[in-house]
Amino acid sequence: ISTTVIEMSASRANSRASLVADISITVVLIAAGLLHKDVHIGPALLIFAAGLLLFSLVEYCFHRWLFHGSRSLQVMERGHLKHHQDPLGHDTMPFFLPPLILLGLAGIFDLAMPTSYALLMAGAMAFGYAVYGLSHSVIHSRRFHHPVGRRWAANHHIHHHHPETNFGVTTPLWDIVLGTRYVSRRTQSR
């Protein structure tokens, strides 16, 4: 990866461009999927839900194994370590990379299902990724007053103090399923 791309990735402009690109690819993929004449609402909703579930698993896997502990991808691990040192920093992937990956995924999904549903599946994953980006930013920049919001943000803040736990940002589902959810000593002793 070139030094220019790494420097650009750490800029505020890239963070803002990422938000625009992530939302744009979400809208494009979902709209393209819904505009096909062979779309039926029931299967479309199931495909969308499956795409969100798949994204949450991808989020967990990337965070756990690529951002924490992948010696073969030290660039990703180093970038994520910078985030742990400065949670309000602007380190993120280059704005153009996630949309390209999502378009590639749509092509792969198209090999296994009708194009309309492949686009919706990729659109759901794009939606999940956009929500992840917004959520992660909000978790680090806002103070929540509602108990549900505070628990949700605390789940991620705990990860910054116990980096071997709580890899899910948008949902604790995979931490619960795969046994990496943080449990306090007080709760363990009960």
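Helices are DSSP runs of H or I with at least four residues, strands are runs of E with at least two, and both are numbered from the N terminus. By that definition Asn14 is found in helix 2, one of nine helices in a protein with zero strands. The structure is a predicted model in which local features need pLDDT of at least 70 and side-chain atom pairs count only at pLDDT 80 or more, while totals for chains, interfaces and linings use all residues. Residues are numbered from 1 along each chain as its sequence is written, and side-chain values use heavy atoms, with hydrogens and water left out.

**Overall architecture**

- Along the sequence, the protein follows the pattern α-α-α-α-α-α-α-α-α.
- Of its 190 residues, 34% count as buried, where buried means under 20% relative accessible area, exposed over 50%, and partly exposed in between (1.4 Å probe, protein chains only).
- The protein exposes about 11,400 Å², of which carbon and sulfur atoms supply 67%; accessible areas come from the Shrake-Rupley method with a 1.4 Å probe, and for residues only the protein chains shown count as cover.
- Among contacts (heavy atoms within 4.5 Å) with a separation of 6 or more, residues 24 or more positions apart account for 67%.

**Helix 3**

- Helix 3 (residues 41-66) has 26 residues and reaches 36 Å from its first C-alpha to its last, close to the 38 Å expected at 1.5 Å a residue; the expected span is 1.5 Å times one less than the number of residues.
- Buried residues in helix 3 include Ala44, Gly51, Glu59 and His63.

**Nonpolar core**

- A nonpolar core is a set of buried Ala, Val, Leu, Ile, Met, Phe, Trp, Tyr and Cys residues joined through side-chain atoms within 4.5 Å.
- The largest such core has 23 residues, and those with the most contacts inside it are Leu29, Leu102, Phe109 and Leu120.
- Helix 2 (12-34), helix 3, helix 5 and helix 6 (115-141) each supply at least two residues of this core, with the largest share, eleven residues, coming from helix 6.
- Leaving aside neighbours within four places in sequence, Leu29 is in contact with residues including Leu102, Leu103, Ala106, Leu119 and Leu120.

**Nonpolar surface patch**

- Phe95, Phe96, Leu97, Leu100, Ile101 and Leu103 form a nonpolar patch on the surface, with about 500 Å² of accessible area together.
- Patches are made of residues with over 30% relative accessible area and no salt bridge; like charges are joined within 9 Å, and nonpolar side chains (Val, Leu, Ile, Met, Phe, Trp, Tyr) within 5 Å.
- A salt bridge is a side-chain nitrogen of Lys or Arg within 4 Å of a carboxyl oxygen of Asp or Glu.
- Leu97 lies in helix 5 (residues 97-110) and is partly exposed, with a relative accessible area of 31%.

**Individual residues**

- Asn14 counts as buried at 2% relative accessibility; its C-alpha atom is separated by 8.3 Å from that of Met93, 79 residues apart along the chain.
- Ser135, in helix 6, counts as buried at 9% relative accessibility and, leaving aside its neighbours within four places in sequence, is in contact with Trp152 and Thr170.
- Thr171 has its place in the loop between helix 7 (147-161) and helix 8 (173-178) and counts as partly exposed at 24% relative accessibility.
- The C-alpha atoms of Thr171 and Tyr132, 39 residues apart along the chain, are separated by 9.5 Å.
- Asn166 lies in the loop between helix 7 and helix 8 and is buried, with a relative accessible area of 1%.
- Phi of Asn166 is near 50 degrees, a positive value in a residue other than glycine. Most residues other than glycine have a negative phi.
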